[in-house]
Every structure is written in C-alpha cells, then in structure tokens.
Amino acid sequence: MTKKLLVLMLVLAFWMVVLSPLALGENTGGIPLGPGPVIIDTTTEETTVPTLLPTLTEPTSEPTTVVTTGVPGHDQGWIDVYCNVDGSRVYFDNTLEGTTAGGILSVQVSVTGTPVRTITVTQSGYTTWTGSPSSMPSPGQHVTVYATINPLTTIPTTIPPPPSTGAIYAQSSPAGAAIYMNGNFYGYSPLTIPGLGPGTYAMKATLSGYTPDNTLVNVYAGQTAAYYPNLQQSPQPHQTGWVYVTSTPTHASVYADGGYYGTTPLTVNLYPGTHQIVVRYTGYNDYSTNLWVTAGQAQNLQATMTTATQGTVVISSIPGATVFIDSNAAGTIGSSGSLTLTGVNMGNHLFKLTAPGYNDWMNTVYIQANTVNTISATLTPSGVSPTPVQSSGSLAISSSPSNAQAYVDNLYRGTTPLTVTDLAAGDHLVRVSEEGYVDYTTTTTVTAGQVSPLALTLAAAPTPTPTPAPAPGPVLVIGALAAMAMIGGYLRRRS
C-alpha cells in the first residue's frame, strides 16, 4: 500500500511538471494551443539566413490602378497618319517611322517624352506633305493626322518659237560717245539696244571734240548687230552750207549720209562737199539724191515722192524650212533662222512654210509697201499636234505726219509708223496724237493671224483767235477821272 501510494505520487508529480508551462500559456514553438492534439516542434537548430516574407496589406473597398511612368502600355499613345497613297514614307521630326499600308501608318509615341512637332509624308513622283499633329495623345489614346499628296505635274517639252527680234551693240572709240538710233538718244557707249524688229536702222555717235559718225546697221531676228564707230577728232571749224528740204507729202524723214536729221520742211547744215540725201515716208518709195554743198551758200531740195507698191518681208522660222508665197516657192530659211524677201507687192498674200518632220504652216498676211514686214512662223513636229490656229493678230499703224504717238486700248505703243503685235482678235480703240494736230481716234478690227493696216492723216489744230482786251466800262472811266482830279488838287495845294 505504501509502495503503491509512493508510485502514484511520483506519476502525479511528473504530469504536473509537464503540464505546468501549458497551463501558464507558454508556447514552445508548436502550433497555437487549442482543441485537438498538441504538436511540439522538436527542431532545435536556427536558420542562419532569414526568410523575408511580403507584407500583406488589407485590401480597400475599391481596387486602385497604378500607372508607372516608363512602363510600356502606361505612358504610350498613338499617332495615326492617314495618306491617300500607300507606300508613302512617314517622318516624325526628320526621323523615318515607316511606310503607309492600307491607307494608314499608326506610330506609337511616348506621351511624356519629346512632343512630335513636324510630320512629313513623301512618295516618289508625288508632292511632299508637311504638317503637325493637333496635339499629343493621352495615355492609350489615338491622334489622327490626314496627309494628301498629289502627282507631280509633268510639263511637256515644247520647241521654243524662233526669235522675232534682234539687237544692236554699240561701242565707240573713244568710249563714252552719245548713241542715237533713228534720231532718238539711247545712252552712252558702250550699250546694247534690244528688242529691235528686223530691218535697217540709222545709227549716230557724237562726242565733244570729235566728228559725228553716221552709219546704217542691219538687224536680223535672233542676232546682235555690231556698231563700232571710230570717231576722229574734229577738224578746225570751217564754214558750212545749207540745204532747205521740202517734200510731197510733207513730214517725211530726212537722212544725210545715213544720219537722221528730222522731218520736212527742214534746213540741214552740211560741210562743203558731196552728200547723199534720202527722204522717206511710209507708203512711198524713198527719194535719194547726191547733192554738192558749197560753203556759205543755201539751196533748196524739193523731194517729190511716188506711191510705193512693194515692201520687204522678213520671215523667222526653223532653218531649212521652205517658204511659199501664193503657192510659189520664194526661198529657204537660212542658218540664222530668217529669210528676207524684197519687192513683195503690197496687199494680202498667202504664206506657207514646209519642213521635213513638221506640220505645214500657212497664214494670210497683209504686206505694207515701203515697210519691213516681219512674220514669225512656228512649226510643230508632225504627229504631235497640228499647227494651232493663231488667236491673235497685228496692227500696222502709219500716219501723216509720221512720228506721232500711238495708243492702242489707251496703252502707249510707240511712234508711227509701227506694228503692234499680239493683239487679241476683235475690235480695238486706237488713238494717234501729235503736237499741233487734232487727235485721231478710231475703232479698228484685228483679224487673228493677220496684220491689219491702219493709215490715217492728222488734221492740223486750228490757230486760236486772239481775244481783244475789253473796253473800259463807265465806272472805270469815272473812277479814273475822279482820281486825276484828286491828284490835281493835291498838287495845287502844295504849290
């Protein structure tokens, strides 16, 4: 009994030792105590590398989307470039981004990076488009840009028409001489006078202390004629003679030794010796004679001019073209690009030009007598297109007296005689004016492809009748008498 009691007490003491820490709530490394069996962690060795566990956050009621800058898909947008031509190259600020396909190129861009300022769209054979986006896209959004490019216009290669005018280059020795053409001052040597129709021009060079030079210079289309006057020092002054030139009709141009002096009636001072005198007037044949001039003596020269019936024609076209007048062969265009025909009867003539590989050129032209008539014939290659019908014509204006100012549609065109080209077919207002004459105004019709003549005579302006001074009125007479009486009384008082 005593031994059994002792054993029971030892067992009870053992369980008290074991269960006493659990009763005080002490955890020895196992799972928290609770109902069920007790599991005791018997591991005694500690881990040397600590294990990092993530910190758990309690979720809120609504999830929050966090956008991180620089992470693809979060700060990216798109610029959509639409173009009407596929395969076009698209540049953003001069950097190639790709080519369009299906009418569009969509380029992904950073909304927080450098903004795109210039967009360029190019395609071979098309115009270049340049523009800017309306704005940069927001994250995940698209901005649309529309670029329209058009095919480049191809300018067909045409054969330029042959030149219809020439020029005169004047250079005197010594330099600095005054240069005159047909009596008009143009400047000082050296100089070039451009835009001259084919024909003959009277040139003159003058310089103080030197004898003037007078020369006739021929001008051809597309060429520059040279005038090189070599001036000689003037001889000792000596006496001259006088030639008083008159003409029928009057106001004709007078040339002495090739130099222009003015219009009739005119007195010309010339040195002693033989001189060639030429008198010209539009529509009349030139009057020419050699005249001996005696120092200190005067003589008269009456030039009776006959009506001209023929003129000169200068035709400009491609070299080698054959020229026909009224179906008769008249010559071939030379290497200079022009052909000069003299003795052509005045009036309408049918001109035709032919050349291998070109369409024929044909037109009716009115030829003026005693005048250089210019014709520009542009040939077109055969098989390309027929020679176009000319939509413009010309107007040849002559007047008596000559050198009158001519206006066409209120625009000054020069002095008579002259030919105004490139006038639209139809009616035009013409006014011719000259000092001492009544203005001549008329309406004339210009025919396409033809030179229409207009010859007119100006009427001398009437001499104004002098107005007599008005007779003194009664009031003026009485006032004068009263003033005289007052003056007489004043003088008597002083005496």
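Biologist: What is the accessible surface of the protein chain, and how much of it belongs to carbon and sulfur atoms?

Modeller: The accessible surface is about 30,500 Å², and 57% of that belongs to carbon and sulfur atoms; the areas come from the Shrake-Rupley method with a 1.4 Å probe, and for residues only the protein chains shown count as cover. This is a predicted model, in which local features need pLDDT of at least 70 and side-chain atom pairs count only at pLDDT 80 or more, while totals for chains, interfaces and linings use all residues. Residues are numbered from 1 along each chain as its sequence is written, and side-chain values use heavy atoms, with hydrogens and water left out.

Biologist: Why is Ser316 called buried?

Modeller: Buried means under 20% relative accessible area, exposed over 50%, and partly exposed in between (1.4 Å probe, protein chains only). Ser316 has 3%, so Ser316 is buried. Of the 495 residues in the chain, 32% are buried.

Biologist: What makes residues 310-316 strand β22?

Modeller: Strands are DSSP runs of E with at least two residues, helices are runs of H or I with at least four, and both are numbered from the N terminus. Ser316 lies in β22, and the chain has two helices and 35 strands.

Biologist: Which residues does Ser316 touch?

Modeller: Contact means heavy atoms within 4.5 Å. Not counting residues up to four places away in sequence, the partners of Ser316 include Pro162, Ala221, Gly337 and Ile375. Val313, leaving aside neighbours within four places, is also in contact with residues including Leu339, Phe351 and Ile375.
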